[in-house]
Protein chains: 4
Amino acid sequence: MAQAAPSSPRSYDWAEDHSEDRLHGYTSNTSALPLTQAPTEHSAHSSELPPNKTSSGFRKTRSALGLHPQAPIDEEHDQGPRSELLWSRIRTVLREPFAEFWGVAIMVMFGDGSVAQVLLSTGQTTAPGGNGFGNYQSINWGWGLGVMLGVYVAGDSGAYLNPAITFSSCLYRQLPWRRFPVYFIAQMLGGFVGSGIVYANYLSAIDYYEGGLRTVPPAKTATAGIFCTYPQAFLTKTSQFFSEFIASTLLMFVIFALKDPSNNGVPKSDKWFPLCLFFLIFGLGSCFGWQTGYAINIARDLGPRLMSYAVGYGNEVWSAGGYYFWIPMVAPFLGCAFGGFLYDVFIYTGPSPVNTPWLGLKHLTPGYARRELRAHARRNKEDGIV
Amino acid sequence: MAQAAPSSPRSYDWAEDHSEDRLHGYTSNTSALPLTQAPTEHSAHSSELPPNKTSSGFRKTRSALGLHPQAPIDEEHDQGPRSELLWSRIRTVLREPFAEFWGVAIMVMFGDGSVAQVLLSTGQTTAPGGNGFGNYQSINWGWGLGVMLGVYVAGDSGAYLNPAITFSSCLYRQLPWRRFPVYFIAQMLGGFVGSGIVYANYLSAIDYYEGGLRTVPPAKTATAGIFCTYPQAFLTKTSQFFSEFIASTLLMFVIFALKDPSNNGVPKSDKWFPLCLFFLIFGLGSCFGWQTGYAINIARDLGPRLMSYAVGYGNEVWSAGGYYFWIPMVAPFLGCAFGGFLYDVFIYTGPSPVNTPWLGLKHLTPGYARRELRAHARRNKEDGIV
Amino acid sequence: MAQAAPSSPRSYDWAEDHSEDRLHGYTSNTSALPLTQAPTEHSAHSSELPPNKTSSGFRKTRSALGLHPQAPIDEEHDQGPRSELLWSRIRTVLREPFAEFWGVAIMVMFGDGSVAQVLLSTGQTTAPGGNGFGNYQSINWGWGLGVMLGVYVAGDSGAYLNPAITFSSCLYRQLPWRRFPVYFIAQMLGGFVGSGIVYANYLSAIDYYEGGLRTVPPAKTATAGIFCTYPQAFLTKTSQFFSEFIASTLLMFVIFALKDPSNNGVPKSDKWFPLCLFFLIFGLGSCFGWQTGYAINIARDLGPRLMSYAVGYGNEVWSAGGYYFWIPMVAPFLGCAFGGFLYDVFIYTGPSPVNTPWLGLKHLTPGYARRELRAHARRNKEDGIV
Amino acid sequence: MAQAAPSSPRSYDWAEDHSEDRLHGYTSNTSALPLTQAPTEHSAHSSELPPNKTSSGFRKTRSALGLHPQAPIDEEHDQGPRSELLWSRIRTVLREPFAEFWGVAIMVMFGDGSVAQVLLSTGQTTAPGGNGFGNYQSINWGWGLGVMLGVYVAGDSGAYLNPAITFSSCLYRQLPWRRFPVYFIAQMLGGFVGSGIVYANYLSAIDYYEGGLRTVPPAKTATAGIFCTYPQAFLTKTSQFFSEFIASTLLMFVIFALKDPSNNGVPKSDKWFPLCLFFLIFGLGSCFGWQTGYAINIARDLGPRLMSYAVGYGNEVWSAGGYYFWIPMVAPFLGCAFGGFLYDVFIYTGPSPVNTPWLGLKHLTPGYARRELRAHARRNKEDGIV
């Protein structure tokens, strides 16, 4: 989204979205422009970038994938002989998807890995301390630091790691909607592969624990809970939904605060963000993690669920908890959208659809929406974006 | 309180209170001025701010609420078309109350949420690790990171999150007393709403745990302790009071140290403050959290207590522990006042009532106090503050 | 110790001891000068400071106490009407002792407080989680963050908080030996008072736990271990000593690394030091805390031991563990001295007695030592230091 | 490795390897130069350094050891009378080995120390909390902070602390291969000595626990697991290998991300690296620590294994787990190499053998390799490096 700063085309991070330039640009054109598409993107790459920097083939492919034509690569690395290699060109085209994939994979490996270790070693008396290799808190650590390290790894793509957060960023922070599909695919694959590696790693331990079976909660030796979330038995459907919804709301609300450059309490530099995220995820796990397992992320839940279905956990991965599986698919999107809405209504003063007439609800009327889509398409065409 | 620096009107944070300008201004006028009212506030907004920046209606309403006429908003966001919207104007008027409300709500959601999860899942053998979803330490984490994230969210209001800390800041750090009521209301509402959300989230779990009842400690399946604090049975009234008092004293003493710009051990930048606060709250929980539950904050205790009374926990929320409820209302104020006093007596060298003749106790004499109030009122009038 | 930089007289922190100026001064005069006395101190205050800055009475009193004549106070705060008040003058004279006192008191309140809470609530089934208010790890947290917050509080005195560290700093880092006694007294008092507050806070809980008695380990309901350390029963005297010695060695070795400005791995800014110290103390507690309770600090052990003797724990506080009490008095000094020696031998390249001929052991010969003491005394006299 | 920057000869840290100068130099000469030998090293010391700075004897000895002729010492400390002392000269010659030795020793002391404390105190009811002095999580803390503090200590050698990481750095990040042997020896010695100190410290506790025996898992009171790792009994050989391999892959992947200066998500300053490493190691321990004990480091496993063999744990230290001992010797090297490969393939855009034709696999062909070795030797000769 660093479209306004073609001289530093690598700044895809959220914090950069609110750079002075961007805001100025936005403010001056204001309400006539679609909020979900950065107005400066179109002019940036077509006119100001030297045409020989990356071949126009690159730019077309990236644009077709929904990415910004200019890849977020260190400028120096983007030139010279190294960048001419075939694989380097592929990596440049798929830069953000690769980053999101590995970010989510790292996150899920640590997160699911911690559940696996704690669950499978429950009560093992030969452990140092005599009571298993970790306790529930170890899982809070695992997910918290998994997200933190995933964000470090995926810095070049903005480190969303969660389709619901990408979604809210499109909705409220002018991340172009065209980005969503390719990010979504990369994130889902990351969840699938990350959990698959955990499964491979704990294969003989699962065999040992389950006696060769593969069962789903509430079975007594169920191990499916290592990979995706299953709700507590006493929960009503409403409570299931509410628990995921409220955790997602909190997630988005706090992340928008942490990424709000005009919030006085937040360090201007982005150095603190991953550590704060560790605390946030740890907190969601200790405070809202019991009832439904705090999925709050379709990539972290559906990806591993598909993996566990693929390796033979059976149809119960879908039917368990009264077909619970759709809740961590839907609730995070709604919760994050609501959390972002709350933050923008009560605290955010920067550019956001909420800061337009009718709290931005006008965007939901068909006429307004159609006008915006047409304007969006026209600008894309002018700039040669497919 | 950034009244001395009209060019950057957003710096309401504590650390900014001690900016060079402020101290200079203070030092030169010194003892003739009331310590609890920043002397430079009155001239700042009336003369130096461009009159068209925010409408005078705004300023009057904010002033009537006890807030600084100038809202702590990014200057750029405070102009342009966005700021003309009705809701934006409301948000500008209620900027600090909104921030305090959400800061406290976030804090209480994490804090009470962690108690709820640990308490309600006690001993659940199907948990990974076989022994519930968390232990007492998870509650230390919950409150510690709740305060930390609440401070990040509430940066624009100074992130007091605790009426006793607002109180001490008025007493020793020249936060105008007029601020106290509106901050207090916002903080109390935050505690009420935050704990209400936790109640809603754990509704079916509480039903399951209590069998439909709602009981208060020392009942066997009491869940009222999720929301507000109840003392251990063996405590005398004195010990109850002392425990809350000493924890509040420590809280204020360390916070004043962390916010003392002339203390060599403290990083000058404010980036570290929320993390240090995490450690401080974690520490109070591990070291002084057992006997009375370390409320140390009326907004965190009375707000949720009212909520739990409203949803049907009965009169025992007031009578339990020998009508303990008044102690976390009173002790934090006295403890924080004492902690601030100790810090200012032994370490602080900046402007504070303690650094006036008679260690500032002269301020307590009727004649001196009356003179100050009159001077205060006169200056307010001159500057047009209601 | 910032004697070479009279324009910024507040830099008493360790990191500042190795300022370029100091090192230059030291290097040029090198082996003829006593290593344990900063050569530039004597000229600094007598000639370059404006005589009217602090009254000469101050300077004489501070000098007599062994402190640098110039107090580490924000220059601006050191002038103006505030500084003329009687109490301000007392506070200026006793600046470092006050800081060390409160730093140690804060440290001990958190540390001993965490032991008290965990010990006295052991196994309480009404706790959230059903198993007491904390576990052994809470004690690691308590001491770790106690030291961290104590360092923040005591920034103006250098935040030694431990006579053994003051000792090693005199030995290897040119902290004047004259500082040692007043620091020592302040640190001991801090330990005494801090543990006394913890005792007062947990008075009724101790009564409840012990049934009115006060016993010392290995008694079954002993509570003396809250305040000072008692060794495990199976330990030989050698193991007792070795455990304290090795923990102190590690403490000093790592602190010297963290404070070595020429060590590439260490952030130049001091902001990270308190957090690193948290990890260091946490680590010593988890790794070397079982056998003897990791006192590694006479102020943290003897101070509270005296307090517990005073309130009636009886002669066993001295006789327990085969008159163990002298080990945490002696071993920390020897261990810290050894740890500092190892660091200076193997890694440190700056000014240190170890970096003189014979690895500095020449300083131990009577002739050399006598010559140094005479030179030291002569210089003090010339500069008017009592 | 700071060969390109002779004016600041101390920058041996990884982050410095990728300084602009280096990359420029590399990029311009690109594929003709051997990737594993920094091209600028040879000219730097021979021409640009003043000949009188360090004696040529030094430089020859260091070069013979495989180190850069110029030691990473604060320039100021490298001159003057101090540097003329015999021991100072020895320390200068052995600078990096000393740093790695102590870094690994510190790491192992904390890591093995935490296992010792938790294991030997398992279930001790007299502990505060009534259940031993720590739990499995304390071991995660111990290793995590051991690595963190070890990195602080060993800053001057680059703080590899793990031969597999040195290996990957040679392979992908142009650390000269000549460095590997001396680093390896220092790291192994550090592991041996560090674990020996832990053994000495817990000698009487081990006697008490084992009743004078020394046994190896799966014996009932085995204490050999304090020092090196033994796998769970149910594991197949493949699972044993995979567990170590995947943990090492993660280790290297994340470290390369954290050290990638062109990764947007990573703070440019190196201040955060040790803390991130704490989280990484903590995570590996909570998520992949159960099955094989996460050795992921030959120096941390073989060194202590030799020590435990030497003090009498018997041949079982080798035969246990089906002669498991070779897996933590081999798997970390392969895993780290694979992790580095993955990072360079998918994310890294800087100079790496992977960013050469055929993904760098050409380097594995005999002809290409021979040509490189010859060119390497010729350049060394020209520059007078033995």
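1. Helix α7 of chain D, residues 136–153, runs for 18 residues in this predicted model. From the first C-alpha to the last it reaches 26 Å, close to the 26 Å expected at 1.5 Å a residue. Since 18 of the 18 residues of α7(D) are buried, the helix is largely enclosed by the rest of the structure.

2. The largest nonpolar core holds 409 residues, and the members that touch the most others in it are V254(A), V254(B), V254(C) and V254(D). Leaving aside residues up to four places away in sequence, V254(C) touches L280(C) in its own chain and I106(D), L149(D) and V153(D) in chain D.

3. Between chains A and B, 51 residues of chain A are in contact with 57 residues of chain B. On the side of chain A that touches chain B, at least two residues come from each of α2 (20–29), α6 (95–120), α7 (136–153), α11 (237–258) and α12 (273–288). By class, that side of chain A has 28 nonpolar and 23 polar residues, with no charged ones.

4. The contact between chains C and B takes 57 residues from chain C and 51 residues from chain B. On the chain C side, two or more residues are given by each of α4 (86–93), α5 (95–120), α6 (136–153), α8 (179–201) and α9 (203–210). Of these, α6(C) gives the most, with 11 residues. The chain C side divides into 29 nonpolar, 20 polar and eight charged residues.

5. How are the copies related?

6. An unreviewed UniProt entry lists "transmembrane region" for residues 98–120, 140–161, 182–202, 241–260, 272–296 and 323–343 of chain A. In the model, residues 98–120 of chain A are 100% helix and 0% strand, and their end C-alpha atoms lie 31 Å apart. Residues 182–202 of chain A are 95% helix and 0% strand, with 30 Å between the end C-alpha atoms.

7. Some backbone geometry deserves a look. Most residues other than glycine have a negative phi, and most peptide bonds are trans. Q174(A) has a positive phi, near 60°, and sits in the loop between α8 (163–172) and α9 (179–201) of chain A. With 24 C-beta neighbours inside 10 Å, Q174(A) counts as buried. The phi of I296(A) is also positive, near 45°; this residue is in the loop between α12 and α13 (298–310) of chain A. I296(A) is buried, with 33 other C-beta atoms within 10 Å.

8. A cis peptide bond, with omega about 10°, joins P217(B) and P218(B). P218(B) lies in the loop between α10 (203–210) and α11 (237–258) of chain B. In chain D, a cis peptide bond joins P217(D) and P218(D), again with omega about 10°.

9. E84(D) is in the loop between α4 (56–64) and α5 (86–93) of chain D. Is E84(D) buried or exposed? With 11 C-beta neighbours inside 10 Å, E84(D) counts as exposed.

Notes. Residues numbered from 1 in each chain as written. Chains lettered and ligands numbered in written order. Predicted model: local features only at pLDDT ≥ 70, side-chain atom pairs only at ≥ 80, totals over all residues. Contact = placed C-beta atoms within 7 Å. Helix = DSSP H or I, 4+ residues; strand = E, 2+ residues; numbered from the N terminus. Nonpolar A, V, L, I, M, F, W, Y, C, P; charged D, E, K, R; others polar. Core = buried A, V, L, I, M, F, W, Y, C linked by C-beta atoms within 7 Å. Buried ≥ 20, exposed ≤ 12 C-beta atoms within 10 Å, placed from the backbone. Expected span 1.5 Å × (residues − 1). UniProt positions renumbered as here; feature names shortened; annotations may be inferred.
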